[in-house]
Amino acid sequence: MILVVFVQIYGITTTEDAAAVDRLGPDSVGVVLDEGLPAWDSVDADTARDIVKALPHVRVTALSLSTDPDRILSTVKTIGPDIVHLARADAIDDATLQRIRAKIEPAQLLLTVPVDGPDALDVARRLSEVADSLLLDTKHPDTGVVGASGHTHDWSISADIVNSLDTTVVLAGGLGPENVRDAIAAVRPFGVDSETRTSLESDRRRKDIAKVEAFISLARSH
């Protein structure tokens with residue numbers, strides 16, 4: 001039996017999309033606040049707050065691309081999320097991660113593990129000591145950019161991480177309606193995350209609501 005209990009949708013940049021996705025009932029919706037760092041799906045503080053108001057029925061995940069604790073905590077204060085997602089946690093030392101976790105409680109801490117080879121397991125082991133959950137995302141082989149590229153990675157590595165750790169694992173990286181069931185069958189994660197492949201092909205800052213609905217349904221089918 002395949003059953004995913006956690007489905008996360010990223011890339012929400014408008015209140016219209018937020019309300020539409022909220023009605024579909026994923027477990028969490030990711031919001032990316034503009035922190036002055038490159039991110040194609042970031043929004044300003046006022047827009048972020050409006051998006052959160054348009055998500056009354058789901059948990060909110062706030063993504064920070066920063067490694068500066070003060071910047072991270074400022075993002076948390078602005079959004080007031082249920083989950084704090086650090087995309088560059090592998091570049092933050094353990095003591096700093098522990099301090100951040102203590103300051104964001106009761107919000108949960110979700111930490112990205114870049115997956116580009118077997119060494120990802122070592123990173124996952126380290127981050128699992130402080131994380132509530134890990135998000136396994138693709139590290140692009142050419143650019144080195146982690147996440148939001150639409151590219152998948154070697155799912156066997158992610159499966160090894162799931163099988164080696166007790167920490168909750170969310171699988172990301174190029175997941176959409178067309179491959180989410182195969183990904184779940186290969187990795188057996190606690191949850192799945194989609195951004196690029198549930199966005200409009202004509203405008204990746206907007207969600208394709210039909211694809212979002214299909215992704216949620218297929219991820220939860222068993």
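Trainee: Which residues of helix 6 meet helix 7, and which residues in helix 7 do they meet?

Mentor: This is a predicted model, to begin with. In helix 6, the residues are Trp-155, Ser-158, Ala-159 and Val-162. They meet Asp-182, Ala-183, Ala-186 and Val-187 in helix 7.

Trainee: How do those residues divide into nonpolar, polar and charged?

Mentor: Six are nonpolar, one is polar and one is charged.

Trainee: And at what angle do the axes of helix 6 and helix 7 cross?

Mentor: Roughly 50 degrees. The axes come within 8 Å. Helix 6 spans residues 155-164, and helix 7 spans residues 180-187. That angle makes helix 6 oblique to helix 7.

Trainee: Which residues of helix 6 are buried?

Mentor: Trp-155, Ile-157, Ser-158, Ala-159, Ile-161 and Val-162.

Trainee: Switching to helix 1. How do its axis and that of helix 8 cross?

Mentor: At roughly 25 degrees, with the axes coming within 10 Å. Helix 1 covers residues 15-24 and helix 8 covers residues 209-220. Angles under 35 degrees count as roughly parallel, so helix 1 is roughly parallel to helix 8.

Trainee: Left-handed or right-handed crossing?

Mentor: Right-handed, as helix 1 passes helix 8.

Trainee: Which residues make the contact?

Mentor: Helix 1 contributes Ala-20, Val-21 and Leu-24. From helix 8 come Ile-209, Val-212, Glu-213 and Ile-216. Six residues of this contact are nonpolar, none is polar and one is charged.

Trainee: On to the backbone. What is the peptide bond from Glu-105 to Pro-106, cis or trans?

Mentor: It is cis, with omega near 10 degrees.

Trainee: Where does Pro-106 lie?

Mentor: Pro-106 is in the loop between helix 4 (94-104) and strand 6.

Trainee: Last one, Arg-188. What is its phi?

Mentor: Near 60 degrees. That is a positive value in a residue other than glycine.

Trainee: Where is Arg-188 placed?

Mentor: In the loop between helix 7 and strand 9 (191-194).

Trainee: Why does Arg-188 count as partly exposed?

Mentor: Because its relative accessibility is 46%. Buried means under 20% and exposed means over 50%, with partly exposed in between.

Conventions:
Residues are numbered from 1 along each chain as its sequence is written. This is a predicted model: local features need pLDDT of at least 70, side-chain atom pairs count only at pLDDT 80 or more; totals for chains, interfaces and linings use all residues. Side-chain values use heavy atoms; hydrogens and water are left out. Axes are lines fitted to C-alpha atoms, for helices over the stretch in contact, and angles run from 0 to 180 degrees between N-to-C directions. Helices (H or I, at least four residues) and strands (E, at least two) are DSSP runs, numbered from the N terminus. Angles under 35 degrees count as roughly parallel, over 145 as roughly antiparallel, 65 to 115 as roughly perpendicular and the rest as oblique. A crossing is left-handed if the near helix is turned anticlockwise from the far one by less than a right angle, and right-handed if clockwise. Contact means heavy atoms within 4.5 Å. Ala, Val, Leu, Ile, Met, Phe, Trp, Tyr, Cys and Pro count as nonpolar, Asp, Glu, Lys and Arg as charged, and the others, Gly among them, as polar. Buried means under 20% relative accessible area, exposed over 50%, partly exposed in between (1.4 Å probe, protein chains only).
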